[in-house]
Amino acid sequence: MNPIKIAENIYWVGAIDWDVRDFHGYSTNRGSTYNAFLIMGEKITLIDTVKKSMKADLIARISEIVDPGKIDYIVVNHVEMDHSGSLPDMVELIKPEKIFCSTMGQKALIQHFHREDWPYEVVVPGQDLDLGGKTLAFMETRMLHWPDSMFTYVKEDKILFSSDAFGMHLGTSERFDDQIDPSILMEELTKYYANILTLYSPLVKKLIAKIKESGLEIKMIAPDHGVVWRSNPMMAIDAYDRWSRNEGKGNAMIIYDTMWHSTELMAKEVANGLQDEGISVKLYNLRYNHRSDVMKEVLDASAIILGCPTLNNGLLPRMAGFLMYMRGLRPTNKIGAAFGSFGWSGEAVKLLNEAMTEMKFDLIDDGIKVKYVPETSDLANCAALGHKIGQALKAKK
Ligand code: FEO
């Protein structure tokens, strides 16, 4: 259980979760890590902890460096249980002199663990904390992605401990960005932003602007999940900057479910129309694609076309669930359209349109409904819808 040195007197002491595959509804196909860091200043400081079930890993790694009982301070950047689950046991073991957290962090810690007697110290952004050899500064990042979230910065080493921000669910024995295939890094960084942060894009945009305007020098970003960005932290910052602007890449996505293949036939014809217009398009059948993988693609898509047949006057359950999920994440600046087959009542297209209107998508068509099984003219209409969307996308560029 070796700790990993990330800078002089600063170590990764977290845990690797090879097995996690579901993170409150987000599929974590490559597992994850819960990163915690130990700063060996004159005041020895632990930044964040790990999920309760992985406490032994944290203690073992710390113990390779120092007796955990010698730790003076704990910094809690974020209270969600994947980072604080082992905190009560660690507080018991360490008996820290102080627990540093944000104002909302103190409230959330008390609401989680019901310990008013812990030695909380609310940090003051802009005020330094001298550990003796290392100096910490704090930045409140409220609602990124919890009310309590904050960053901690080590001035001497220019390391930003960024909590969930700039992180990814990636279980790996490697600890640094330059040890991982860049395409995997970008895939998991994208998936994390899409499923955790899309909703907060306006705040991300302000935060990135604030970081850039402040001239804060960032040599390394150490998030609470995945790898430490030691070689290319700007890759993560620039990606967040881009996503927070919701610009889209000019491509289209068709997200659908189907009962007896009629809606599937329609989806493929819409895709043909888009391709004929030279638009890059991807089809996602919700039966085979997890909602969190679909959301990863929604992040950069410029057109979202939803297809669903009518079931019991409503939507198929997978589409209803996906819509609930997507609505919560509030992607913006999308062109939208809907289609679907029906037998007798035919409400699905109307419901899809209503959901997209609520999300402020730019609906460019009333949508296409087909009774039972599409005939040639219906499929031609679907292709025409693809052309129409393609032309709208080109006009938007
Ligand atoms: Fe990784 Fe919001 O917890």
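## Pockets, a sheet and a buried loop residue

The second largest pocket has a volume of about 230 Å³. This is a predicted model, in which local features need pLDDT of at least 70 and side-chain atom pairs count only at pLDDT 80 or more, while totals for chains, interfaces and linings use all residues. Residues are numbered from 1 along each chain as its sequence is written.

A pocket here is an open set of points on a 1 Å grid over the protein atoms alone, where a 1.4 Å probe fits, with protein on both sides within 12 Å along at least five of seven lines; lining residues have an atom within 4 Å of a point.

| Pocket | Volume | Lining by class |
|---|---|---|
| Largest | about 310 Å³ | eight nonpolar, 11 polar, no charged |

Met259, Thr310, Phe342, Gly343 and Trp344 lie nearest the centre of the largest pocket. Domain 1 (4-244) and domain 2 (252-392) each give at least three residues to the lining of the second largest pocket, with bounds from an automatic or database domain assignment. Arg327 and Glu358 are among the residues of that lining.

Asn251 sits in the loop between helix 7 (233-244) and strand 17 (252-256). At 16% relative accessibility, Asn251 counts as buried (under 20% relative accessible area, 1.4 Å probe, protein chains only). Its contacts (heavy atoms within 4.5 Å) include Asp300 and Leu393, not counting residues up to four places away in sequence. Asp300 is also one of the buried residues of helix 9, where eight of 10 residues are buried.

Conventions:
Side-chain values use heavy atoms; hydrogens and water are left out. Helices (H or I, at least four residues) and strands (E, at least two) are DSSP runs, numbered from the N terminus. Buried means under 20% relative accessible area, exposed over 50%, partly exposed in between (1.4 Å probe, protein chains only). Grid points are joined across faces, edges and corners, and a volume is the space filled by probe spheres set on the points. Ala, Val, Leu, Ile, Met, Phe, Trp, Tyr, Cys and Pro count as nonpolar, Asp, Glu, Lys and Arg as charged, and the others, Gly among them, as polar.
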